[in-house]
There are 2 protein chains.
Amino acid sequence: MNTAYAQRMSAMKPSTIREMLKLSERPGVISFAGGLPAPELFPVDDIRAAAERVLAESGAQAFQYGASEGIASLREQIADEMAARSIACSADDVLITTGSQQGLDLLGKVFLDPGDAILTETPTYLAAIQAFQCFEANFQPVATDDEGVVPEAVDELAARGLARFLYVIPNFQNPTGRTLSLARRRQLAEIAARRKLLIVEDDPYARLRYRGEHLPPIKSFDTSGQVIYLSTFSKTVAPGFRTGWIVASPEVRDKLVIAKQAADLHTSSFDQLVLERYLRDFDNSLHVERVCAAYGERYAVMDETLRRQMPEGFSWTRPEGGMFLWVSGPETMDAMAVLAEAVDAGVAFVPGTDFFPRGGGENHMRLNFSNAKPEVIRDGIARLAAICARRL
Amino acid sequence: MNTAYAQRMSAMKPSTIREMLKLSERPGVISFAGGLPAPELFPVDDIRAAAERVLAESGAQAFQYGASEGIASLREQIADEMAARSIACSADDVLITTGSQQGLDLLGKVFLDPGDAILTETPTYLAAIQAFQCFEANFQPVATDDEGVVPEAVDELAARGLARFLYVIPNFQNPTGRTLSLARRRQLAEIAARRKLLIVEDDPYARLRYRGEHLPPIKSFDTSGQVIYLSTFSKTVAPGFRTGWIVASPEVRDKLVIAKQAADLHTSSFDQLVLERYLRDFDNSLHVERVCAAYGERYAVMDETLRRQMPEGFSWTRPEGGMFLWVSGPETMDAMAVLAEAVDAGVAFVPGTDFFPRGGGENHMRLNFSNAKPEVIRDGIARLAAICARRL
């Protein structure tokens with residue numbers, strides 16, 4: 001009887017990322033596979049001080065049940081941060097989520113019925129594919145180039161009125177590192193209003209820009225309430241707290257709050273209070289500057305080493321921020337086969353296919369540059385390049 | 001086009017519990033509405049010491065991404081706790097969830113297609129109704145008496161083979177406070193094996209027994225792997241950490257891990273480590289004894305005050321533990337109308353209808369006794385009894 005159930009179960013197979021994370025835990029393996037921030041850069045002392053203050057001053061409130069929306073004082077700080085990102089909103093427009101991942105899950109719950117179409121960049125974020133697959137989404141990849149998703153292609157698909165939403169990562173996209181151009185941000189906001197198309201703007205890397213000018217998010221051009229904006233503290237403070245947020249129109253937010261209540265009641269009170277105190281008492285912008293300086297250097301080392309070592313026929317993106325770059329090999333390259341050899345040689349990455357919900361992309365590799373120090377990046381890229389050269 | 005979507009949205013209305021929690025936040029309102037533990041009993045000093053040790057010793061690990069299954073050392077402690085509850089399992093059988101509520105959500109995601117039947121006690125837990133409603137479950141209430149759900153009724157419905165699972169709270173059930181008898185636990189495990197019926201055993205209150213003997217859970221009689229066991233630290237340590245767990249067969253657990261990964265990647269690393277350290281370094285059993293002594297007294301005061309004050313025609317359950325008792329009024333009573341008057345008189349509770357997924361139960365009230373001190377309970381019950389007497 002349960003055909004949909006059987007289909008969903010077969011779709012819910014362990015992801016390559018998860019298996020890769022296991023491989024990359026082997027001692028001695030250089031991992032460009034995960035999407036992990038550099039733990040040595042976490043503001044451990046400041047978080048410790050914030051946690052001690054919460055423990056000393058908040059007492060029982062830090063340990064009690066709380067509202068599904070999240071703690072008001074943290075939502076106020078997020079509204080301030082949104083203003084700095086050119087998004088005008090109040091604390092009431094913010095919903096705290098258990099990481100951005102939960103934001104994707106709640107959107108699936110509220111908006112997706114089995115078979116519903118959603119538009120995505122080509123390629124798109126693996127964990128978003130997983131989140132929406134749970135709701136049996138019908139992925140419609142949209143033409144995408146170096147400036148991001150192509151608005152005309154979105155418009156054409158939206159005109160048919162079949163898509164529940166467009167899912168897009170505007171800055172330093174995962175997996176490609178590409179950034180959506182300013183003109184296209186405006187265009188997408190205009191299409192959203194005109195076609196009544198929801199846009200899910202997932203922006204975890206907004207503040208991780210190492211070169212060039214910050215661009216205002218699509219949400220900042222949203223006049224119709226059709227843009228839903230997601231972000232997180234995972235990259236600017238620490239991911240272990242699992243604390244992200246959604247900014248949406250009151251109508252959408254109310255639905256998301258109800259879904260959130262059914263999903264986990266609320267995000268950890270303790271973690272929310274520690275983050276709130278950290279943001280209030282310490283200079284997070286200075287911390288983010290330090291992170292950007294370190295990641296920017298790591299990116300430059302990876303790019304330079306690739307240039308020196310990779311054989312002809314390989315190209316890669318030049319992201320201005322974020323955590324990933326995207327290597328494209330010759331059409332005949334099979335990144336899964338490269339990975340098998342690479343793991344034997346002590347280096348790991350994520351093969352491209354996982355980012356294409358409808359298959360393809362066999363000749364691509366996603367490389368993370370935030371989680372390894374420069375000398376390790378040089379070593380790992382040298383190993384990887386040697387394998388690529390041998391396989392040509 | 002989206003009929004299922006529209007139905008789900010209309011089902012996803014804010015719950016009475018949520019509105020009640022808002023009412024009960026008004027200053028001066030005595031709330032028997034929430035399901036909140038008593039914050040003055042939280043082991044604040046011990047948690048603070050555990051958190052300080054984690055912050056001093058774990059450093060970056062406490063703030064980094066972790067495995068979806070949860071932290072191994074915490075799962076080992078949970079396996080020990082399971083042994084104390086007569087359930088033989090290893091750390092590998094345990095999945096950490098973001099509160100028990102997430103356990104319900106993941107079960108819905110893995111097992112429910114729109115319209116799938118699930119069997120529940122009559123009445124059943126409001127937040128479980130909400131969790132399963134998101135997946136458009138078809139609720140099949142099963143006959144239930146003072147010894148809990150009636151096995152023969154379960155067997156008859158299971159024989160038709162239409163139910164995805166039976167959802168049951170064995171100890172001090174929410175909302176009734178009833179406990180499933182030992183004989184019925186054995187019978188349900190036997191039915192699960194014979195009919196290949198999954199049982200979801202949700203046991204948050206296991207250790208909150210104030211009188212009588214602890215009873216082994218249904219899962220302890222499970223020979224077929226058909227019983228999925230859920231519990232939480234919310235009642236024995238603190239709910240603000242949003243940390244619960246599921247014990248299931250390897251096959252079911254693997255599916256749940258994948259759903260968990262898509263839902264929020266993993267539960268807060270920091271919270272897991274703090275709980276692990278608290279359980280390792282401090283005497284949680286002694287803490288639970290203190291909680292039981294306090295809640296047992298509060299229950300006794302509520303029961304005694306009800307006996308002295310409530311008019312003829314009202315009866316209520318005599319739970320041996322947990323946090324709730326269940327008041328039944330005359331058939332003609334409308335608990336929603338009583339609530340409206342009660343809130344004006346400064347006392348709140350949850351009306352019975354919310355616990356009946358298919359309607360009914362208008363003449364019942366759920367009263368929480370864990371969150372108010374004895375003198376407040378006396379005052380609140382006196383106010384409530386006066387309203388009930390006036391309305392007769």
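Student: How do you know that the two copies are related as by a two-fold rotation axis?

Tutor: In general, two copies of a chain are related by a rotation about an axis and a shift along it. In this predicted model, chain B can be laid on chain A with an RMSD of 0.0 Å by a turn of 180 degrees and a shift of 0.0 Å along the axis. The superposition is by least squares on the C-alpha atoms of residues with pLDDT of at least 70 in both copies. The two copies are therefore related as by a two-fold rotation axis. The same surface serves both copies, since 100% of the contact residues of chain B recur in chain A.

Student: Which conventions and confidence values apply here?

Tutor: Residues are numbered from 1 along each chain as its sequence is written, and chains are lettered from A and ligands numbered from 1 in the order in which they are written. As this is a predicted model, local features need pLDDT of at least 70 and side-chain atom pairs count only at pLDDT 80 or more, whereas totals for chains, interfaces and linings use all residues. On the pLDDT scale, the predictor's confidence in each residue from 0 to 100, chain A averages 93, and 94% of the residues score at least 70. For the complex, the predictor gives an ipTM of 0.94 and a pTM of 0.94.

Student: What makes a residue part of the contact between the chains?

Tutor: Two residues are in contact if their C-beta atoms, placed from the backbone, lie within 7 Å. By that criterion the contact takes 52 residues from chain B and 52 residues from chain A. Helices (H or I, at least four residues) and strands (E, at least two) are DSSP runs numbered from the N terminus. On the side of chain B that touches chain A, the helices that each supply at least two residues include α1 (3–11), α3 (44–57) and α10 (269–281) of chain B. The most comes from α9(B), with seven residues. That side divides into 27 nonpolar, 14 polar and 11 charged residues; Ala, Val, Leu, Ile, Met, Phe, Trp, Tyr, Cys and Pro count as nonpolar, Asp, Glu, Lys and Arg as charged, and the others, Gly among them, as polar.

Student: How do you know where the domains of chain A lie, and what joins them?

Tutor: The bounds come from an automatic or database domain assignment, which gives domain 1 (3–42 + 286–391) and domain 2 (63–281) of chain A. Their centres, taken over C-alpha atoms, are separated by 24 Å. The contact takes 33 residues from domain 1 of chain A and 32 residues from domain 2 of chain A. On the side of domain 1 that touches domain 2, α11(A) gives the most, with six residues. The residues of that side divide into 19 nonpolar, nine polar and five charged.

Student: What makes β11 and β14 of chain B edge strands?

Tutor: Two strands pair if DSSP finds at least two bridges between them. Four strands of chain B form an open sheet in the order β11-β12-β15-β14, with antiparallel pairing. β11 (315–316) and β14 (350–351) of chain B each pair on one side only, and are the edge strands. Two bridges join β14(B) to β15 (residues 364–368) of chain B, and B:P351 stands opposite B:M365 in β15(B).
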